[in-house]
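Have a look at the model first.

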Amino acid sequence: MTNRTSNTRNEQGIDEQGADGQGVDGQGVDGQGVDGQGAGGEHVTVLVTSATGKTGRRVAERLTARGVTVRAGSRSGSTPFDWEAPETWGPALRGADAAYVAYYPDLAAPGGVQAMETFGRLAAEHGVRRLTVLSGRGEPEAVVAEEALRAAAVGVELTVVRAAFFAQNFSEGLLAEGVAEGVVVFPAGDTAEPFIDVDDLADVVVETLTTDGHAGRVHELTGPRPIGFAEVAAEISRASGRPVAYRPASQSAYAAMLTEFGLPAPEAVWLAALFATLLDGHNASVTDGVKRVLGREPRSFGAFADATWAGEEA
């Protein structure tokens, strides 16, 4: 549910590294090039956790296009991997050179610190050389989990990618059903958020896994400008040609709505509290993280809406 994950500020981590200083010769882990080859010509293997999720699926596709051998970890895939089954982590990591760590439901969730400690230790034991972890912007608890991973993964290069609220939550995630029904209910008030396109995020993740210059870095990713949920609804309405409205909800009302849809009450309360906290205004600023890594501007929500809903019948 927080596949979208949120993300933290630059001042909570190390300065971001721009594209002009990160392996312009195309070299990555031990000389790994963008063609998926190591310095000695060997194939490079990357474990992608949560490989059927919004970010994992895109990361796996992009790595494959670069010639990297992808080990797509999921509950039912060819590489069994389940965040709720730690016994699957070691076998999935065995023989991998790098891994994309997309923890479900969120690094800030209860159990996130312990999971990162165990995963980091296993990664180091299995000789993994590089990790990129998806984290949350404005989530102090997520930072604790990041540091737990860093401390446990001794000798492993770690890059942290902290992302703003996903634009794709409105098309293939948490809020898609409401969009389809014409009303988006969420505990965001009139707060603005610089939504990040997950395609931009996946491009950044792939760069961190396949080029040098990212070890120890924190890349904070946002879209080009903050917009409120009412404007989001208006953009979707414009692009799709059908009315979509935003209806703000209180934290308690949203938690109750989630339980009505079948989510266990403790998880519903936790998620509602997380969203209300993240959307209290402290994440409204934008960063240049996408441009510094990729050398281009991030896609705006309007452009995302056009690409996603343009041409739909009212």
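Q: What should I know before I start?
A: This is a predicted model, where local features need pLDDT of at least 70, side-chain atom pairs count only at pLDDT 80 or more, and totals for chains, interfaces and linings use all residues. Residues are numbered from 1 along each chain as its sequence is written, and side-chain values use heavy atoms, with hydrogens and water left out.

Q: Is D97 buried or exposed?
A: Buried means under 20% relative accessible area, exposed over 50%, and partly exposed in between (1.4 Å probe, protein chains only). D97 has a relative accessible area of 13%, so D97 counts as buried.

Q: With which side chain does the side chain of D97 make a polar contact?
A: A polar contact is a pair of N or O atoms within 3.5 Å; within protein, one must be able to donate a hydrogen and the other to accept it, and residues adjacent in sequence count only if both atoms are side-chain atoms. Here the partner is the side chain of R129, at 2.5 Å. The D97 side chain also reaches the backbone nitrogen of T45 at 2.7 Å.

Q: Which residues line the second largest pocket, closest to its centre?
A: On a 1 Å grid over the protein atoms alone, a pocket is an open set of points where a 1.4 Å probe fits, with protein on both sides within 12 Å along at least five of seven lines; lining residues have an atom within 4 Å of a point. Grid points are joined across faces, edges and corners, and a volume is the space filled by probe spheres set on the points. The second largest pocket has a volume of about 240 Å³. Twelve residues line this pocket, and S50, T52, R75, W83 and Y104 are the closest to its centre.
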